[in-house]
Amino acid sequence: MTSFLDPLISFVSAHPWLGYLTLFLAALLEAVPVVGSVIPGSTIILALSALVPGGELKLQWVLLAAALGAVLGDGSAYWIGHRRQREILNTWPLTNYPRVVAESESFFNRFGTWAVFFARFVPPVRAFVPVTAGALGMAPAKFYAVNIPAILAWAPAHVLPGVLAVSALHEYAGLHYHGHVGKHIWILTVTGAAIAFGAALWFIRRRSRSEVAASKPQT
């Protein structure tokens, strides 16, 4: 893994615009219905935040790239739902994810306008609530009044932990910024945690489906 990360870090150092583009696309695609449930956008953002303390990427541009991608992704999903209304919730590919669509609609009905804010921090409904908000007739002004502050809170919440963690490793463990060790530790930790979380989520969903199937009456 170290032999893979070293060239990656060096490449981003030489081509920082590709790092910002990756952050932008990760945030954008994470907000797209269905796609966002499989694209590890938050993991990518958390991992790349490790490149800020050493100067490979600049904090202000990392935050801007993530925020712009999220605004465009959420906004696109919302306008698709707003244009198609409830029809979109019964159209492919959303019909392949009836459980998540139902959870998103329940989430929206439970929290109302605030669902748009809270969903930013709750995968996988994050990828479905904006389109659901549009489909259920939420006014554009109301959507953006909640969505933009949510993104302005979400972006630092995903970027600053990596910046602070790597800075602390260099400050208190005596690791040099350009030795890559601190970056390796953070990136590997984030990746490992994401894999463990994804595996646990998959296991829980599979077990839940099995219980539902077992509870259905036999014909």
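Predicted model: local features only at pLDDT ≥ 70, side-chain atom pairs only at ≥ 80, totals over all residues.
Biologist: Is Leu25 buried, exposed or partly exposed?

Modeller: Leu25 belongs to helix 2, which spans residues 16-30. Buried means under 20% relative accessible area and exposed means over 50%. Because Leu25 has a relative accessibility of 38%, this residue counts as partly exposed.

Biologist: How many aromatic pairs does a search of the whole structure find, and are Tyr78 and Phe143 stacked or edge-to-face?

Modeller: The search gives 10 aromatic pairs. In the pair of Tyr78 and Phe143, the ring centres are 4.3 Å apart and the planes lie at 15°. Planes under 30 degrees apart meet the criterion, so this pair is stacked.

Biologist: How many residues apart are Tyr78 and Phe143, which link distant parts of the chain?

Modeller: Both residues are buried. Tyr78 lies in helix 4 (residues 59-84) and Phe143 in helix 8 (residues 140-173).

Biologist: What is the geometry of the ring pair of Phe117 and Phe118?

Modeller: Phe117 and Phe118 are both members of a cluster linked by ring pairs, which also includes Phe107, Phe111, Trp114 and Phe121. Phe118 is partly exposed, at 34% relative accessible area. The ring centres of Phe117 and Phe118 are 6.0 Å apart and their planes are at 90°, so the pair is edge-to-face.

Note on methods
Residues numbered from 1 in each chain as written. Heavy atoms only, no water. Helix = DSSP H or I, 4+ residues; strand = E, 2+ residues; numbered from the N terminus. Buried < 20%, exposed > 50% of the residue type's maximum accessible area, 1.4 Å probe, protein only. Phe/Tyr/Trp six-rings, centres within 6.5 Å; stacked < 30°, edge-to-face > 60°.
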